[in-house]
Amino acid sequence: MAERERKPHGKGGSERGTRRSAVGRLARLVGFLLILIVLVFGGGFVAFCYNALTARPPQIYETDAIVVLTGGSRRIEEAFALLEAGAGERLLISGVNPSTTPESILNVIGGDSQLFECCVDVGYEALDTYGNAVETRKWIEEHDYRRILVVTSAYHMQRGLFELRHIDPDTVFVGYPVPFSDHDASWRQSLRYLRILGSEYMKFLGAHLRAETGLSALAPAGEEN
């Protein structure tokens, strides 16, 4: 009996091969996109850290007034020292805890009590950095200022300036960063700084994403409806 000729798999085998090829291309594309995202995200984080760690105060202020965004150590002390040095005619301390009185602030920072009483405004409205920007804009409009010196921690400066410039593009904001307190920190302290920078970088990206998309889900606690 003659052997039957084996027929090729034909159309079914060809389709399976095409599908495997398409899945392979899709997998390679997804892998490439993931690597690209990681590189962009990582590169952005490196640039963010570099800017935060190398930020230095400006040599010339030429500012009308000073705003300090509360939340980190030494911010208010630095801002009041700048007021005493004549860097601005008035100081806004934005985002103060409602339980904190002006007297308790003065007791902590010391300095000229008469200057504090005449030229320092304590803001209690802000709950976050966006709220700082809202509170600052109202204060600027009340006093008709044009150029503001912004005092905050170096790691917070990029987000602080972004929020301020986004909500008040007509005002010139000059950053005065307060650096990390310990230049010879232990490795544990360095890890803590890295965690702070990582957290702040995510908030910085969130602020940009919210500004670009207007997503209500990304609205900060202090945003007005």
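User: Hi! Is Ala-65 buried or exposed?
Analyst: Ala-65 is buried, with a relative accessible area of 0%. Keep in mind that this is a predicted model.

User: Got it. Where is Ala-65 in the fold?
Analyst: Ala-65 is in strand 1.

User: And what does Ala-65 touch, if I skip residues up to four places away in sequence?
Analyst: With those left out, Ala-65 touches Gly-88, Glu-89, Arg-90, Trp-139, Tyr-145, Arg-147, Ile-148 and Leu-149.

User: How far is Ala-65 from His-143?
Analyst: Along the sequence they are 78 residues apart, and in space their C-alpha atoms are 9.5 Å apart.

User: Let's zoom out. How many helices and strands are there in the chain?
Analyst: The chain has 7 helices and 5 strands. Going along the sequence, they follow the pattern α-β-α-β-α-α-β-α-β-α-β-α.

User: What share of the chain counts as buried?
Analyst: Of its 225 residues, 36% count as buried.

User: Now aromatics. How many aromatic pairs are there?
Analyst: The count comes to 6 aromatic pairs. In one of them, Phe-45 and Tyr-201 have ring centres 5.4 Å apart and planes at 50 degrees, so that pair is tilted.

User: Which helices do Phe-45 and Tyr-201 come from?
Analyst: Phe-45 is in helix 1 (residues 11-54) and Tyr-201 is in helix 7 (residues 187-213). The two residues are 156 residues apart, and the pair links distant parts of the chain. Tyr-201 is also buried, at a relative accessible area of 5%.

User: How are the rings of Trp-139 and Tyr-145 arranged?
Analyst: Their centres are 5.2 Å apart and their planes are at 55 degrees, so this pair is tilted. Trp-139 is buried at 5% relative accessibility, and Tyr-145 is buried at 3%.

User: Which residues form an aromatic cluster?
Analyst: Phe-41, Phe-45, Phe-48, Tyr-201 and Phe-204 form one.

User: Is Arg-159 buried or exposed?
Analyst: Arg-159 counts as buried, at 12% relative accessibility. Its place is in helix 6 (residues 154-167).

User: Switching topic: at what angle do helix 2 and helix 3 pack?
Analyst: Helix 2 (residues 75-84) and helix 3 (residues 102-109) pack at about 85 degrees, and their axes are 10 Å apart. That makes the two helices roughly perpendicular.

User: Which residues make that contact?
Analyst: Helix 2 brings Ile-76, Glu-77 and Phe-80, while helix 3 brings Ile-105, Val-108 and Ile-109. By type, they divide into 5 nonpolar, no polar and 1 charged.

User: Which residues touch the most other members in the largest nonpolar core?
Analyst: That core has 23 residues, and the ones touching the most other members are Ile-66, Phe-80, Leu-83, Leu-91, Ile-93, Phe-116 and Val-151. Several elements give two or more residues to the core, among them strand 1 (65-69), strand 2 (91-94), helix 4 (113-119) and strand 5 (172-178). Helix 2 gives the most, with 5 residues.

User: What is Phe-116 in contact with, leaving aside neighbours within four places?
Analyst: Phe-116 is in contact with Phe-80, Ile-93, Pro-102, Ile-105, Leu-106 and Ile-109.

User: And which residues are in the other core?
Analyst: That core lies apart from the largest one and has 17 residues, including Trp-139, Met-157, Leu-164 and Ile-167.

User: Last topic, loops. What is the phi of Asp-144?
Analyst: Phi of Asp-144 is near 60 degrees, a positive value in a residue other than glycine. Most residues other than glycine have a negative phi. Asp-144 is in the loop between helix 5 (129-143) and strand 4.

User: And where is Asn-97?
Analyst: Asn-97 is in the loop between strand 2 and helix 3. At 44% relative accessibility, Asn-97 counts as partly exposed. Its C-alpha atom is separated by 8.7 Å from that of Leu-127, 30 residues apart along the chain.

Definitions and conventions: Residues numbered from 1 in each chain as written. Predicted model: local features only at pLDDT ≥ 70, side-chain atom pairs only at ≥ 80, totals over all residues. Heavy atoms only, no water. Phe/Tyr/Trp six-rings, centres within 6.5 Å; stacked < 30°, edge-to-face > 60°. Helix = DSSP H or I, 4+ residues; strand = E, 2+ residues; numbered from the N terminus. Buried < 20%, exposed > 50% of the residue type's maximum accessible area, 1.4 Å probe, protein only. Axes fitted to C-alpha atoms, helices over the stretch in contact; angles between N-to-C directions. Parallel < 35°, antiparallel > 145°, perpendicular 65-115°, else oblique. Contact = heavy atoms within 4.5 Å. Nonpolar A, V, L, I, M, F, W, Y, C, P; charged D, E, K, R; others polar. Core = buried A, V, L, I, M, F, W, Y, C linked by side-chain atoms within 4.5 Å.
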